[in-house]
Amino acid sequence: MTIVPLGLNRSSIALQSHRATSTLGANAAALARLEQQVYTQRQFQHGSDSPFNATATLAVQSQVTRKEQNVANLNATQTFLTATSSTLARFNPLTSDARGMALDALNTATSPAQRNALAQTVNQTLQGIFNFSNHSFGGRYLFAGAATGNIPFLWGLDSSFTVKYTGSVNDVWSWSDTDLLSWSNVNGVTAFGAISDPMQGKDLDPALTGKTLLRDLNGGRGVDKGVIRFTYVVDGRVHTHDVDLSRCVTIEDVQRTIENSRNPHFSVNVDITANGLVLSVPDNLVGSVSVSEVGRGTTARQLGIATGVDFNRNQPLVGRDLNPALTNTTRLTDLLGTKSSLELRFAGANNNIVIQANHNGSQYDGLSVSLQADVTITPGQEIVEYDAATNTMLIRIHPDNTSANDIIRAINEASAAGTIPPYTASLSGRDQQRSELAGTGIVPLLPGMPVTFGSTSGGNGTDFDLSGIELVNDNAVWSICFAQCQTVGDLLAILNDPQYGLFATINGARNGIDIRSRVSGADFAIGENGGTTASQLGVRSLDLHTRLEALDFGRGVYDYTGPGTRASARYLSVSDNSALRLTARNEGKEWNDYTLLFVPTTDPQGQVTVSMDGNTRTIIIGIQPGTTTACQIVEAFETQPGPRQFFDLTLDDTGGLNNGSGVVYDGFVRTSGGSDGGIDFTITRNDGTTLEIDINGAETIADVLRIINEHPDNQDGLLVAALSRTGNGIELIDKSFGNHVTRVDRALLSTAAIELGLVNPGEEYRTKTTAGNHAHATMNTDVLNGALLITGSSVGTYANGATVEFIEGSPPGFVYDAASRTLRFSIEPGITTANDVIGLFQTMASDQVRTMFDIRNGVNPNGLPSDGSGAITLGSNTLEGGADSELKGNDPNPQETASLFNALIRLQLAMERNDTREIERATQLLDTATARLDATQATVGVMQNSLDNVALRLEDEGTQFEETLNHILRIDFTTASQRYLNQLLMYQASLQVTSAMFQLSLLNFL
């Protein structure tokens, strides 16, 4: 304890005063420090007071601040999860009630009226679930995902009984701990399945271009930019040169950096192909070059350049496919293939040119490009010529004053004018030094013979079709055209227009696009819009590879494998108890179209006669009309030889009790309905040909189309089965001609035609959906009453291109030249009339030609019908405008959003339609959606338990931090107070001693 040093006799007054003052100052400072520690509760006030403790304190305080924010985040997250869990619990009784009503509706004892009443109750349940799904808490919609400010679910517009999800597929996350992101909400997709499974697009194979970013290479994994090393070996000498690619952004930067690396020993050329790099050396370079990594780098390998492989002037180094990722900025013209191209390289700078085809495809490869210097050419007026026979483009230029820009302009103008194939010329980025000098370099060439610079190459694939897609969604049909799109981002922006109810994104592999529906309660389908866009994107919901078991919402196609049916015919007379039924004894279509003919009997006694003509397929029964009874006819049929070995004739009681006492009158009827075993449906062509289709063994839509197109009775290929050119479905194009109608009849015991969309549900057949058009041509229209109209007898394209000729000849006549498809009339000009021509055709044309064509009087110039009295003049014309009839089926593979809302909407509509089959499917959808809801609720509970553990850990960590701060920063108040009192006593004692020391008197000066 320091109070004040005692004054010594030999110490001066000044020294004692100084020592006393110093002691008092030190005690006062110590007292002040203790007093500040007591007041602030801290051991030190400045970092310099205790550097180690100060550093530790700052670190701990930083952690405390972060942990306090973590605790706040955790509390908020737990609050929202609690609200979410509470809301999810409200769905349980509603879904249980809905399932109970579904089971009631499936009960066979439930009447249609009762099902309709249940439908209204389901609607109330649906409305309750809709309201709960839009619940908000704390200013956030609980099921909107990351879009917490948007109401997540909306009813469909324009009275569409659907529900649309407008929320986000992303969740809200928060930091619950220093390194722990916690899920703080549930989006509508996770809880309700509010967005459909994606229509997964195929690999669009984006082409590599000079503008491709390095970060987008290798499927989006990018390139670790660094240094690569070139090693040049010639005559045993080795030269190395390192090239730093760390500042490159695009693949063109890599090309330019390598080529302009200022290597004093050798140079390397880099060409950018459709999918990678090609390294080569100039033709005058002797020796070989190889590439290697520097240190532990991987830059060369990630650029697709093989390391340790020599290349020389005879053997370039071809890099592997760099697999560029699909991005929003990828141009649509760079998809599905590459364009053939050729780079023209010239001495000097700012003059290299690239000639590239306007379209993808190998058909543009092989264009030879030559230049010829000609002093007669005026600079700026260069001439481009094309020789189709040799596929050569010749560019005539001035030898001294033609620039690269002049050549580019000449080529592009010739291409626009159509004098050369569709190619475009542009500057190469390889040798352009400054933007203001781009293309100004002179192309050096001596006058003389043409110089060939190479041929275009590298083209493959096909152009991306911009015709767009046909979308079925939200109970509406849209034709979405992509004609204005230039990039993938443009295409996605159109698809994500809110009116369509879609969610379109680039897929996870970054090589295609996925399209999903946000709408519940309606079919979702993507088809063609007259082109091939949907197929190219790989998002068509019905394609050749669609499996039959996936059709009809996964219920598949039923292939009937049972026995066939027997042909039959029902004959009705005007009297009661006289109906008869003729039935074939065997199954098969060969018993169709037999005629049952009742005629007056030729028997002198008036007895019933029975006979059969196999050639005309006619069963002839002789009766006394109005006298012979049905029973007599049946008895005679059973006892007389003839048709009884092939057919049975019985009384028909389908219209009621029939005792056969009624009399029968003459008339006829034909058999129908016979089919072979296993037949699923029958197609009838315009010419009457029937195709019995058995889909046994078919696994995909392509198999079904093959079975139809390769049917033995369709070897002429006049019926073509294909996917619909617009929308979806199977389309039958009938090119045959005749008096029948394109038609599909389902087999009695098979539903395959319905499930394939060829016949509407609940119907037995479907006829052509597009009538087609007759090919036609008019002749002699300028002559009053002489106009003729020549048409195809049937609709179809078969008559398109046929020619009608009026030539001079006597006597008048007609011939048909099948080879040239020409209807040739010989006429006497001014004498032969239009009616005469019609008569010539009717009398001289064969039956087959008259079946194919029809000629009749046309219309006069004044619009009135011609009477055919006008004379015919010489001339010719060609028939055109014919269109085949078509039968377009329904889409057999609609998709849907498998959400809770979809299940309830489907259930309600099925109940209203009294459709137990759909009620059963909707019940299964409801079970799936309920299971998803239960799983979501369980996940929320697991997350809450996990966060409770995090909260306990944060609490423990907070206690530990407090203890640490107590040790390194905060004071012990009791100890600090005692020290303060002690220091105060010391200070007071020092004051007293100092006062005593300086109480002077005369004695001090003696």
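Here is a quick tour of this protein chain, from its overall build down to a few single residues. Keep in mind that you're looking at a predicted model. The chain has 19 helices and 49 strands. Its radius of gyration is 47 Å, well over the 30 Å that the globule rule gives for 1006 residues, so the chain is more spread out than a compact globule.

**The whole chain**

- Picture a box drawn along the principal axes: the C-alpha atoms fill roughly 190 × 100 × 65 Å.
- Out of the 1006 residues, 46% count as buried.
- Take the contacts between residues at least 6 apart in sequence: 67% of them join residues at least 24 apart.

**Two helices packed together: H3 and H17**

- Two packed helices are described by the angle between their axes and the distance between the axes.
- For helix H3 (residues 91-106) and helix H17 (residues 900-913), that angle is about 30 degrees, and the axes are 11 Å apart.
- Angles under 35 degrees count as roughly parallel, and H3 and H17 are therefore roughly parallel to each other.
- As for handedness, H3 passes H17 in a left-handed crossing.
- On the H3 side, the contact is made by Thr-95, Ala-98, Met-101, Ala-102 and Ala-105. H17 brings Leu-900, Leu-904, Leu-907 and Met-911.
- What kinds of residues make up this contact of H3 with H17? They split into 8 nonpolar, 1 polar and no charged.

**Ala-32, a residue in a helix**

- You'll find Ala-32 in helix H1, which covers residues 13-40.

**Thr-833, a residue in a loop**

- Thr-833 sits in the loop between strand E46 (822-827) and helix H15 (834-844).
- Is Thr-833 buried or exposed? Its relative accessibility is 16%, and since buried means under 20%, Thr-833 counts as buried.
- Which residues does Thr-833 touch, leaving aside its neighbours within four places in sequence? Thr-833 is in contact with Gly-868, Ser-869, Gly-870, Ala-871 and Ile-872.

Definitions and conventions. Residues numbered from 1 in each chain as written. Predicted model: local features only at pLDDT ≥ 70, side-chain atom pairs only at ≥ 80, totals over all residues. Heavy atoms only, no water. Axes fitted to C-alpha atoms, helices over the stretch in contact; angles between N-to-C directions. Helix = DSSP H or I, 4+ residues; strand = E, 2+ residues; numbered from the N terminus. Parallel < 35°, antiparallel > 145°, perpendicular 65-115°, else oblique. Left-handed = near helix turned anticlockwise from the far one by under 90°. Contact = heavy atoms within 4.5 Å. Nonpolar A, V, L, I, M, F, W, Y, C, P; charged D, E, K, R; others polar. Rg over C-alpha atoms; globule rule 2.2 N^0.38 Å. Buried < 20%, exposed > 50% of the residue type's maximum accessible area, 1.4 Å probe, protein only.
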